[in-house]
There are 4 protein chains.
Amino acid sequence: MPGNSFGQFFKITTFGESHGEALGVVIDGMPAGININLEDLKIELKRRAPGQHQVHTARQEADLPEILSGIFENKTLGTPIAVIVRNTNQRSHDYDSLKESYRPGHADKTTILKYGFRDHRGGGRASARETLARVIGGYFAGLIIPKVSTYAYIQQVGPYKLANPPKDHSVDRGEINIPDENMTQEVISFLNDCKNKGESAGGIVAVSVKNCPAGLGEPVFDKLKADLAKAMLSLPACNGFSMGEGFKFADHLGTQISSHSEFFGGMEGGISNGEEIHFNLVFKAPSTIGEKAKNGRHDPCVLPRVIPIVEAMTKIVIADHFLRQSAYDSFLP
Amino acid sequence: MPGNSFGQFFKITTFGESHGEALGVVIDGMPAGININLEDLKIELKRRAPGQHQVHTARQEADLPEILSGIFENKTLGTPIAVIVRNTNQRSHDYDSLKESYRPGHADKTTILKYGFRDHRGGGRASARETLARVIGGYFAGLIIPKVSTYAYIQQVGPYKLANPPKDHSVDRGEINIPDENMTQEVISFLNDCKNKGESAGGIVAVSVKNCPAGLGEPVFDKLKADLAKAMLSLPACNGFSMGEGFKFADHLGTQISSHSEFFGGMEGGISNGEEIHFNLVFKAPSTIGEKAKNGRHDPCVLPRVIPIVEAMTKIVIADHFLRQSAYDSFLP
Amino acid sequence: MPGNSFGQFFKITTFGESHGEALGVVIDGMPAGININLEDLKIELKRRAPGQHQVHTARQEADLPEILSGIFENKTLGTPIAVIVRNTNQRSHDYDSLKESYRPGHADKTTILKYGFRDHRGGGRASARETLARVIGGYFAGLIIPKVSTYAYIQQVGPYKLANPPKDHSVDRGEINIPDENMTQEVISFLNDCKNKGESAGGIVAVSVKNCPAGLGEPVFDKLKADLAKAMLSLPACNGFSMGEGFKFADHLGTQISSHSEFFGGMEGGISNGEEIHFNLVFKAPSTIGEKAKNGRHDPCVLPRVIPIVEAMTKIVIADHFLRQSAYDSFLP
Amino acid sequence: MPGNSFGQFFKITTFGESHGEALGVVIDGMPAGININLEDLKIELKRRAPGQHQVHTARQEADLPEILSGIFENKTLGTPIAVIVRNTNQRSHDYDSLKESYRPGHADKTTILKYGFRDHRGGGRASARETLARVIGGYFAGLIIPKVSTYAYIQQVGPYKLANPPKDHSVDRGEINIPDENMTQEVISFLNDCKNKGESAGGIVAVSVKNCPAGLGEPVFDKLKADLAKAMLSLPACNGFSMGEGFKFADHLGTQISSHSEFFGGMEGGISNGEEIHFNLVFKAPSTIGEKAKNGRHDPCVLPRVIPIVEAMTKIVIADHFLRQSAYDSFLP
């Protein structure tokens, strides 16, 4: 059944295999008359792109977005915006040996179990490359909610943990999205070491959202926290989501939390309360290890590049709920 | 916008305020010709009901389900099944003093921010009472996937943690859904103490699913882990979800996890692989504390009663994906 | 698959078999804070009810609506509104002989083909009784668009055709929704004759909508005319829908229609243009004829009673599109 | 709100303005492992393309489909299939004079009313060019239901009516989809005359579907007739849909129709009964008339080219309902 669309009102539909002709996204539900800036979109894609830093995969693709519809004279038309990115660096012959080999923790085996057939040249839809369509969607979502500030950063990579969370969204996140210069250097050194050894690492991402309007989220199933959780768990390698104090809530008693509204992570009853929203995500270490990982076309750790993707999905969820709620504005007292 | 439905193919739509006439659910997408057993449904509701144990709220309601449609001669018709439960013990006069008071961590304030108007007699849709509709939905979902075994249990309450996870689904979960007799007694004593003090506690729930067919979940947005995360984060007080090793993945390197397929929690690429599915949830301590909590109508901890609700939501997600996948059975090689 | 919901933003989910416990509807997406009037709702239901006129079935049910949720102190809460109507006059023993008999043009046979099982006591979901849930939905939809005036009337019953369309919405539609006194008497006489003979008749309904806001409807699949067509063709016995000049457009040349904007029926490109919307529907003669029809529990013609149902579905479509469009209000120049 | 997707299980999402970069479609929900034939797809597109016959617009575009995803080694992967067609012959400078001019019966004015902004170079999304995405979707839908035969033809153009309906689907439809050689020549002559005069014409299309499985369609809102009606009324210029006997049902009494099962058009209770499905559509004359119509870039009548589009939408509806129903196959007795 269709599972390639996300959002109710601001809806993205993505397509494309990692080694096919192109990847892309159709954005439906965009308001009309909004100015766009193609350079800003390219910057977001570059943040996600491989090859930006030595710790990343050597697979370098220009990832040039081509807008096919929905824009006229640099303004949105209110019609669906289709954007594609060609796969220019497929090198699929590298992967022929993988035809019969199922990597653990990858979708290789489950794709066959589900469909009986797959594009063995790469991860197909399960490739991290799929996420560039999300980044494109996130750029347009951000135009709907220009006052909302979304800021994600690395809190942990393997044994390295961030000692102090950044004070605000202006703190520089350095080369690999860690808002601490010392930790940045330690992690770069650690990940280079991982690459050389064919090792990989996981970690934790923290997300802060400021200026989110109050009242977003629906009371029962479509709580804001529920839709954020779905958005994040739909990311490759993401294995956990927690709001506010998250799993530490298990240790806190009611009297300890009741006077700390920031513990709630910016929502009450699953609806935004106007305060800062914050949540955490965990990503597992990539499954490609050993000799295969040494060929230089795999990241030893997804976290540095996952930051713009997490921000994009966050904006998509909030823009969608913003439009959902806007429909009722005229009925509010 | 509508946010009271869950599921694509096996779809529940719930309604009802905690202090209104009734709560209920409409289940759409149920196959025809399946035998139902009203007694089994009552047992599930009783597992969720308040007043089953001294540690719970004293609010005792019979929670008798009345089936209004979709069943004929004890068989499903394939048409929508509507089930309602009357609110018999509303005592709304107890709550009049709450009209202008917003409890922290509750939806009281955010409901006003969102709608400009609310039923101040109780939590409205944000009440835990809403979850009985989910339990009813879960009973019917279970009939679609009778071989799938879902088993949830308490892993932590406040300072008390389960030392050893249960070996299989036959382990008795005792009075309050803890598969360990010693811990059960400690937690009962602890929660009684909380009640007397007007204190409350949070904790962690673990879920194990056996015999889930392989191939469930869609590759991108509707991954099985994503839909489970949304289902769980839509529960009141749930603040975190993690698959498999969850947040421990931050500490594990790739070589450590690649040979432990159980770490992946029964999915690869977000699609079930036929192995045991396992995930964890964290619930925060209830916000009602102090003098208000001593009136006896509030649980000091949601975890004992949340177990059947978590199982219900798990079954709903799996049954939905099972039907989604079944549509393609005839096309598989 | 679920097929018992209608609407994207203003969404109704209906349930209930004609001979089950109750029929009902859950309305999701209603704005909060709107005053309701239960007496107005009862009047709408009475317009649809059988037994209001001698030409109708003798099956008389009070059709008393019971509101279970979503309303507090006579105001909408913004939460789902569930309304049920008990089946008080089932007399299912009358129908036992029908267990193995499939009426032509009825869903009897196709229900078995689809589900392998059915409630043989009556039409189940395919009964015209299902439509009372639509009338309830239409009442609430109307509260969202109070300025929109919807007016449906009979244009033809069997050989009798309305000579002159009514000038405006104030024209009295008489006993059986025909805005012409002479034709009313002729049709009453004709339908009484049909009843006595076990005969039945079809006809045409015309609908006029005034004060519909411009800009409703989406450009491609969710055109306003497309959603109205679906709404109307989902009605039992409805076999045709036409906008504006409808099938007469086959005879008109471009130069003939270009200067008559009323020919377009209030839409251009499927989007409302602010002018009067008008469309026609055809309903076939009921399939219950001969001896079975003489027992007095079947209408010889659905048209008199179908008028409030058609108006309800029209309001539901327009209210849904009104909310869909409202979400973008703040982005309009 | 998003309105550019159609279908629940077999879902197409279309995009593209008539004078933008490209038009396209994303098809989600396609089964895996089905062989495709690009030449067959091109044939379908050619049937729809302008410039195939002298009576059509002179706007000739190659309409070459480019498949971007979802296909590997000529087989479907089960992932979304994205297909685009470049706009190669935009000549948008012809249209500059139209910037401030709203054509009656076109979406020009309503687009401004809705969005406050439009691509004045052409019809944007409201252009008939949008329909090529539907034809592509229809090709893939047809692969899911290879035994179902869909056959549409012209029954009337302006004053010319088909005397005898074709006996079966093998009857040749000639140059312009009229299954009668004499009428074909008369209509060609008539339409050439229209072109010269700046006149335009409407007409009626008939559709026959053979070998549609029984049991398709959902009992209440998603009746097969309702979804077909929506599909057809979503077509530009389509102003009416009728099932079976259609508007003639107004004249037929119950005793006249009960013994003619073909009158019901292949459905009972809105669910397919396994017999031939037949329905009719009316299309209005194009609004572009007079001097503007004489520039040779507009069709004087949409009917000849609408036939493959109608067949495509029919297949999309049936394939969608086929998959919806397939999910329950294993539960049937």
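Author: The model is predicted. In it, 77 residues of chain D are in contact with 77 residues of chain C.

Reader: What makes two residues count as "in contact"?

Author: Their C-beta atoms, placed from the backbone, must lie within 7 Å. On the side of chain D that touches chain C, at least two residues each come from strand 1 (5-6), helix 2 (108-115), strand 11 (203-210), helix 5 (224-233), strand 12 (238-243) and helix 6 (254-257) of chain D. Helix 5 of chain D gives the most, with six residues. By residue class, this side of chain D holds 32 nonpolar, 30 polar and 15 charged residues.

Reader: Why are strand 12 of chain C and strand 12 of chain D called paired?

Author: Pairing requires at least two bridges between the strands. Strand 12 (residues 238-243) of chain C and strand 12 of chain D have three bridges, in the antiparallel sense, so they meet the condition. In one bridge, S242(C) has G240(D) of strand 12 of chain D as its partner.

Reader: How do you know that chain C and chain A are related as by a two-fold rotation axis?

Author: Chain C is superposed on chain A by a rotation of 180° with 0.0 Å of shift along its axis, at an RMSD of 0.0 Å. The two copies are therefore related as by a two-fold axis. 100% of the contact residues of chain C recur in chain A, and the same surface thus serves both copies.

Reader: Which residue of chain C comes closest to the rotation axis?

Author: That is A327(C), with its C-alpha at 1.9 Å from the axis.

Conventions:
Residues numbered from 1 in each chain as written. Chains lettered and ligands numbered in written order. Predicted model: local features only at pLDDT ≥ 70, side-chain atom pairs only at ≥ 80, totals over all residues. Helix = DSSP H or I, 4+ residues; strand = E, 2+ residues; numbered from the N terminus. Nonpolar A, V, L, I, M, F, W, Y, C, P; charged D, E, K, R; others polar. Least-squares fit on C-alpha atoms with pLDDT ≥ 70 in both.
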